[in-house]
Amino acid sequence: MAAAVRSIGSWTRFTTAAKYCPVQYRLSEYVGSTPPCEEQEVVVAVSKTSNSGWALETVNTLSKQLQAEFTEILNEIWLNDAIESAVLISAKPGCFIAGADINMIQACKSSEEVTQLSQEGQKMLEKIEKSSKPIVAAISGSCLGGGLEVALACQYRIATKDKKTILAAPEVLLGLLPGAGGTQRLPKMVGLPDALDMMLTGKNIRADKAKKMGLVDQLVDPLGPGIKSPEERTVEYLEEVAIAFARDLANKKLSRKKDKGLIQKVMDYALTIPYVRQQIYKTVEGKVQKQTKGLYPAPVNILEVVKTGLEQGNEAGYLLESQCYIDCCTVIWWPESLTTSFSFHFNQKFGELGMTSESKALIGLYHGQVQCKKNKFGQPKQPVKNLAVLGAGLMGAGIAQVSVDKGMKTILKDTTLEALSRGQQQVYKGLNDKVKRKNLTSFQRDMILSNLIGQLDYKDFGKADMVIEAVFEDINIKHKVLKEVEAVIPPHCIFASNTSALPIGQIASASKRPDKVIGMHYFSPVDRMQLLEIVTTDKTSQETASSAVAIGLKQGKVIIVVKDGPGFYTTRCLAPMLAEIIRVLQEGTDPKKVDALSTRFGFPVGAATLIDEVGIDVAAHVSEDLGKAFGERFKGGNVELMKSMVEKGFLGRKAGKGFYIYQAGVKERNINTGIDEIMERFRVPAKAEVSTEEDIQMRLVTRFVNEAVLTLQEGILSNPAEGDIGAVFGLGFPPYLGESLTHLLFFSTPNNVVAGPFRTVDSFGAQNLVDRMRKYEDVYGSPFTPCQMLLDHAKDSSKKFHK
C-alpha cells in the first residue's frame with residue numbers, strides 16, 4: 001500500500017466506521033484480508049513526496065497523483081464488506097483541504113491535458129457522491145476550491161464552529177472555475193443565488209453561515225485547552241462526532257435528506273419556473289458585466305456552466321465545465337459582443353486554442369503573493385510583543401487597528417486629546433464593522449480593544465519592542481519624534497517610519513543607532529489594503545528587517561522588501577503617472593473622461609479619482625519632493641495646479657471636495673465646479689498627434705512601467721515578481737487589460753494579460769513599448785525616455801522578466 005501514503009500534504013485520515021470493535025487499524029493492515037473484528041477504523045496517512053524523501057506541506061492540497069490513489073483507496077473501502085461508512089478528516093489543525101495543487105494546472109502542456117484533469121476529478125467525486133456507503137466530511141480549517149468540491153460530493157458535512165473554518169470557491173480569483181463538478185453540485189445544495197454569489201466572488205463563508213445556507217449539516221463547537229492543545233482536542237472531538245454521525249447514517253438512524261424551511265421550499269419551487277430562472281440569469285449577467293467591465297472571462301463561463309447544468313442536466317453541465325476549464329486556461333480575448341452570447345459549441349471549439357496566459361498570469365500573481373507572505377530574513381531572535389504607534393491620524397489608527405486585531409498590545413500616541421480620540425474612534429469603528437458583519441462578537445471586539453492604550457506622552461515606551469511613526473511627511477518632524485523616542489525606548493527597540501516617499505536613510509541620519517531604523521510603508525485604508533512595503537538602508541540590520549517582516553506578516557500583510565531611495569518602489573512608480581494625469585487634465589480632458597479611459601484599460605479606480613483618494617495635498621507634496629530628486633524625468637502637469645486646489649480646501653475625498661464632490665450615501669459623484677477657474681488658469685493646448693484615447697491610456701501606463709523597470713535596473717527592487725505584487729496589490733495596476741486598441745496594434749492574436757508592470761513588458765513586447773515611448777518622447781521630451789533595461793529587452797526579444 002505504498003500508494004496509500006503519497007498525496008494531499010501533511011497527515012490526512014480516511015476513517016471508516018463499521019460495528020462494535022473499538023480497536024483502530026490502518027488500511028494496509030486489513031484491506032484484502034479478513035478483518036480481525038467487527039468494527040475497524042481505517043486510517044490512511046498521506047504525504048507529498050520529494051526527491052529527498054517525505055516532505056510535509058503547510059497545507060493539504062489535492063494533486064493529480066492523489067486522484068488516482070484516492071480512487072484506489074475508495075475502491076478498496078467499497079470492496080470491504082466490514083466497512084459500512086466512512087469519515088474524511090484532516091489531522092492537521094487549521095486545514096481540511098486548501099484546494100487543488102496549482103502546480104498541477106501549470107504543468108499541463110495542452111488543452112487535452114486540462115480536459116483530462118477536470119474530467120478525472122469529476123469522475124472521482126461522482127463515485128463519492130454515488131457511494132452506497134455514506135461518507136462524512138469532517139471539516140476543520142480551510143475548505144477551499146477542490147477541497148470544497150470534495151466536501152460537496154460527500155453525503156454529510158460536519159464543521160467546527162471556529163473562525164479558522166472557512167468554505168469557499170475561490171477559483172474565479174485565479175481566472176478559473178470549479179472543475180470537478182462544483183458548478184453542478186453547489187446550486188443544488190445551497191440554491192442558485194447563494195451558489196452564484198460564492199462562485200462569482202470567491203468570498204469566504206464561515207461555518208455558522210455555511211450551516212444556515214445548507215452548505216454543512218452540523219456544527220461542532222471548538223474545545224478549550226487541556227492536556228493537549230485546543231486545536232488537537234477539537235480535531236479529536238470532531239472525529240468522534242463524525243464517526244457517530246457516519247454510524248447513524250449507515251444504520252439509517254439519520255436521514256440524508258435535509259429538512260427545508262418554508263422560505264427555502266418556496267424558493268426551490270420558484271426556481272422550477274423557467275421564467276424565474278431566466279430573470280436570475282439576466283440579472284446576474286448584468287451585474288457581472290458591470291463589475292468586470294467584460295475583462296474577465298471566468299465569471300461569464302461560471303454563469304454559463306451553471307445555467308447549462310440546470311437547463312440541460314448534469315451531464316451537459318459536467319461536459320461544459322471541463323470545456324470551460326480549458327477556456328480559463330487558453331489564450332483568449334473576449335470581444336464585448338461575444339461575452340454575452342457564446343454557445344456550448346463555441347466553448348468546445350475554444351478548447352482548441354491551447355494553454356492560456358491569462359490564468360498563468362493570475363496564478364503567477366498567486367505564487368508571488370505566497371512568496372511575499374514568507375520572511376526571507378528568517379525569524380527574529382527577539383519577537384515584537386509590545387508595539388507603539390506615533391500619530392493617531394488615518395494611517396496611525398489603521399496601523400493600530402490591524403495590530404490589536406492580531407492580539408498585539410499597542411500604544412497609540414498623539415499630541416492632542418482631540419486627535420487621539422478620533423484615532424481611537426476609528427479603531428473602534430473598524431472593529432465594530434466586523435461585529436455588524438458578524439465576523440466578531442461584541443465581546444471579542446471589546447477584548448481586542450483592551451489591547452489598545454491611548455496616551456499623550458511617552459509613558460511605557462520603555463517597554464516597547466517596536467515604534468512605528470505615522471506623523472506628517474516633513475523631515476524635520478520625523479527627526480524630532482525620532483530623537484524623542486530614542487531617549488525613552490530600550491536598546492533593542494526598532495524605529496519604523498511609515499513615510500511614503502522620504503528616504504529612510506535621511507530619516508535615520510538623526511538616529512544614534514541607524515541599524516534599528518527601517519521603513520514600513522502601509523497603504524490606505526490600512527485595514528483593507530493588503531500590501532506593506534518594507535524599506536531597508538545599507539545600515540539596517542538583518543534582525544531589524546526580520547522583525548519588521550514578522551510584524552507585517554502577523555498583521556496579515558503581503559510584503560515586498562525594497563532598497564532605500566526617494567519614493568522607494570511604489571510611490572516612485574506612481575508619481576510619474578500622477579504627473580501625466582495632471583498634464584492630461586490641463587490639456588482639456590475632463591476628470592470623468594480620464595477616469596473612464598483608465599478604468600476601461602483595467603485600473604480598478606479612475607485616474608482622477610485616484611488623486612482624490614491619495615489626497616491632493618499629499619500628491620502635490622510627493623510630486624514636488626520627487627521632482628526635486630529626479631528632475632526632468634518626473635515632469636508632466638504643473639504641480640501648482642494641485643497647490644491651488646489645496647489653497648481652496650480641495651484636498652480630495654477626505655475633505656469632501658477634490659476633482660469631485662463627495663457626499664455620504666451618494667454614489668454618483670459630480671465634478672467639482674469650484675476647480676473650473678483653476679483648470680482654466682493652468683490650461684495648455686493638447687497635442688493632437690498624441691491625444692487620442694489610446695494615446696492617453698498609453699501615456700499613463702508607459703510612464704508607470706518604465707519607472708518600475710528602472711527601479712529594478714537600479715537595484716531598488718530585487719526581482720520582477722515583487723514589482724508586480726507591489727503594483728497590483730498596492731497601487732491597483734491592472735491584472736487584466738481592458739478596452740485598448742493597443743491589442744489590435746500589438747498582436748495578431750490579442751492578449752489581455754498584464755498582472756503587473758513587468759508582465760506588461762512581457763505581454764506587450766519591450767520593443768512595442770519603446771516605440772510608443774519614442775513617439776511621446778518626440779513631443780514631451782525626457783519624461784518618456786526609455787530606461788536602459790527596457791531598451792536591452794527591446795533589442796533581445798528572448799529576454800523576459802517572467803519565464
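Predicted model: local features only at pLDDT ≥ 70, side-chain atom pairs only at ≥ 80, totals over all residues.

Me: What is the order of the strands in the open sheet of 8 strands?

Reply: Strands of a sheet pair through backbone hydrogen bonds, either parallel or antiparallel. Helices (H or I, at least four residues) and strands (E, at least two) are DSSP runs, numbered from the N terminus, and two strands pair if DSSP finds at least two bridges between them. Here the order is β16-β15-β14-β17-β18-β19-β20-β21, and the pairing is mixed. At the edges stand β16 (452-455) and β21; each has a single partner strand, so one side of each is left without a neighbour in the sheet. On average, neighbouring strands are turned by 25 degrees against each other, direction ignored.

Me: Which strands does β20 pair with, and in what sense?

Reply: Strand β19 (residues 517-522) pairs with β20 in the antiparallel sense over 4 bridges, and Tyr522 stands opposite Leu532 in β20. Strand β21 (residues 558-563) runs parallel to β20, joined by 6 bridges; Val535 stands opposite Val562 in β21. From β20 the chain passes through helix α21 (residues 542-554) to β21, a right-handed β-α-β crossover (with the strands pointing away from the viewer, the path from the first strand over the helix to the second runs clockwise).

Me: Are the residues of β20 buried or exposed?

Reply: In a regular strand the side chains alternate between the two faces of the sheet. Buried means under 20% relative accessible area, exposed over 50%, and partly exposed in between (1.4 Å probe, protein chains only). In β20 (residues 531-536), 6 of 6 residues are buried. Leu531, Glu533 and Val535 lie on one side, with Leu532, Ile534 and Thr536 on the other.

Me: Which strands does helix α19 lie across?

Reply: Helix α19 (residues 475-486) lies across β14, β17 and β18 (494-497), and runs at about 165 degrees to β18. Axes are lines fitted to C-alpha atoms, for helices over the stretch in contact, and angles run from 0 to 180 degrees between N-to-C directions. Of these strands, β14 (residues 386-390) and β17 (residues 466-469) run parallel and are joined by 4 bridges.

Me: How do α28 and α32 pack?

Reply: Helix α28 (residues 693-713) and helix α32 (residues 766-780) pack at about 105 degrees, with axes 10 Å apart. That makes the two roughly perpendicular (65 to 115 degrees; under 35 counts as roughly parallel, over 145 as roughly antiparallel and the rest as oblique). Contact means heavy atoms within 4.5 Å. Among the residues that meet are Met698 and Val705 in α28, and Leu769 and Tyr776 in α32.

Me: Where is Glu693 placed, and what is it in contact with?

Reply: Glu693 belongs to helix α28 and counts as partly exposed, at 33% relative accessibility. Leaving aside neighbours within four places in sequence, Glu693 is in contact with Lys593, Leu597 and Arg600. Glu693 and Ser598 are 95 residues apart in sequence and 9.8 Å apart in space, C-alpha to C-alpha.

Me: Which strands form the open sheet of 4 strands?

Reply: The order is β7-β9-β11-β12, with mixed pairing. The edge strands, β7 (95-97) and β12 (205-206), each pair on one side only.

Methods:
Residues numbered from 1 in each chain as written. Heavy atoms only, no water.
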